[in-house]
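Welcome! Take a moment to turn the model around on your screen, and then let us walk through it together, one part at a time.

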Amino acid sequence: MKSVLLALWMTLFSVVAFAQDFATRFMAEHQQDANLSCITISPTMMNKILKSDAAEKDEQMAEMISNLKSMQLLTSKTRVQRYYREALKVIDKNSDRFEPYLSFKGKLEECKMMVRRRKGTIIEMVMLTKNKHQFSVINLTGIMSDDFISQLAGALKQKHS
Amino acid sequence: MDYKNIEELLKRYWECETSLEEESQLRDFFSKEEVPAHLLPYKDLFVYLNKQQETGLGEDFDSRMMSKIEVAPVVKAKRLTLISRFKPLFRAAAVITLFLMLGNVAQHTFLSNDALDYNYNNYRDTYDDPDVAYKKVSSALMILSEEINKSQSTSLADSLKANADSVVKE
Amino acid sequence: MQEISFRNDILPLKDKLFRLAYRITLDRAEAEDVVQDTMMRVWNKREEWSTYDSIEAVCLTIAKNLAIDRSQKKEAQNVELTTEMEQAADASGPHDQLVESERLQLIHKLINELPENQRAVMQLRDIEGKSYKEIATVMQMTEEQIKVNLFRARQKVKEKFLAIDGYGL
């Protein structure tokens, strides 16, 4: 009986432990760190955004946001290299969850984007960026289909047209 | 008198197939005076087993034991049993909580339409104002868009270069 | 849930505990020590009483372990046990106050010649009337092992007293 309960607790623990996005996991390892700032947008707030005045004005943006469940932004202006490396380590440790999506290496900056899929659909997106001044993580969760990605890619062009 | 029943019980007794009831019956039977000759060899055993139930310690043991106990304070015992009385309740509550949580997780994992298994309960919103939050989200999406385009254009440039190279080689 | 009291729930177990301890140690004084020891230990764990399914089973288990401990220490001191049937029939050994007639003395001796575990199991079944499940808990063995021990014990006792010349006649 005891061993059954123990097994159930471990299952629960493992399931609960993994039901976190990248940013939460990363922050868990940097709890006392004052250099890292974290901005959280919960599902509740996402819903509020969609109903807000600002969102009404930009239909296309609102439509993209409607796919999102949450967003977390991590930034730090110091120890940029170190945080970037540590973030990559966390990705590596969870290599069965995240697959590389794209990467870019320029003279002044480097970025890597990873996605987590479930039954083919992207349910989490993690973008790590570093440049001379800042380390940042943009972490989205939601249902992001291929349509969403092409919309996202097109968003900038639209703005400029 | 029919001793078939007893003979049967006896046979099963040696095979350890008798119940406690039946064993009690055997002891009762052999305690009576009239035991037939062919069953006499077994009488002593069952009489012995019966009588042994009466052996024990005397009253003086009780008083000696109690005096040893009474050295320790009685108050302590009562307080502790109160706490330990709740232990089974706590244990039960823990098990119930476990199952509730598992059920909750299972629900989200299997029944949820959007197949997302994230636990958002601990998310603390940074902003109160949705308009401000909107600004942050849209700018983040713009940054993402920028990076996607940058990487696409470099890969485009790369593939163009590769084509050019292969043309030159030909 | 009824509150367990030492005086009303544990102390009355003294006879059962004594009989088991005596069957194992074969020494009255040792057996009494074991009962006292057992009760002291149980008393010292009184905050756990309400968590026990059966306080009797717990007491018997502790008594059994203490008794076996002592009996093994005694064996190491080279105590000889008579196994000759004639000697047994003679009842030349010290008369056990707990067993009245000569014939019952004989059975007493035969049972006490069994190995420790077998005589303990026989005590718990044939005298204390415990179920196989309860005996398994106290002896800290499986029910199968209990049945095997009981089988061997009863067979041996039967074999021995039937073998005694002129027995029963």
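Let us begin with chain C, whose secondary structure amounts to nine helices and zero strands. Read from the N terminus on, its elements therefore simply run α-α-α-α-α-α-α-α-α. Keep in mind as you look that this is a predicted model. Chain C has 169 residues, and 37% of them are buried. If you take the contacts in chain C between residues at least 6 apart in sequence, 62% of these join residues at least 24 apart.

The axes of α7(C) and α9(C) come within 8 Å and cross at roughly 95°. An angle from 65 to 115 degrees counts as roughly perpendicular, and α7(C) and α9(C) are therefore roughly perpendicular to each other. Which residues meet here? On the α7(C) side you will find N117(C), Q118(C), R119(C), V121(C), M122(C) and R125(C), and they meet I146(C), N149(C), L150(C), R152(C) and A153(C) in α9(C). Sorted by class, this contact of α7(C) with α9(C) has five nonpolar, three polar and three charged residues.

Chain A brings strands into the picture. Six of them form an open sheet in the order β1-β2-β6-β5-β4-β3 (chain A), with antiparallel pairing. At the edges are β1 (37–41) and β3 (98–105) of chain A, each of which pairs on one side only. From one strand to the next, the twist averages 15°.

To see the pairing up close, follow β3(A) to its partner β4 (residues 109–118) of chain A: the two run antiparallel and are joined by seven bridges. Within this pair, L102(A) stands opposite M113(A) in β4(A). Finally, find helix α3 (residues 43–51) of chain A, which lies across β1 and β2 (68–76) of chain A and runs at about 105° to β2(A).

Conventions:
Residues numbered from 1 in each chain as written. Chains lettered and ligands numbered in written order. Predicted model: local features only at pLDDT ≥ 70, side-chain atom pairs only at ≥ 80, totals over all residues. Helix = DSSP H or I, 4+ residues; strand = E, 2+ residues; numbered from the N terminus. Buried ≥ 20, exposed ≤ 12 C-beta atoms within 10 Å, placed from the backbone. Contact = placed C-beta atoms within 7 Å. Pairing = 2+ DSSP bridges. Axes fitted to C-alpha atoms, helices over the stretch in contact; angles between N-to-C directions. Parallel < 35°, antiparallel > 145°, perpendicular 65-115°, else oblique. Nonpolar A, V, L, I, M, F, W, Y, C, P; charged D, E, K, R; others polar.
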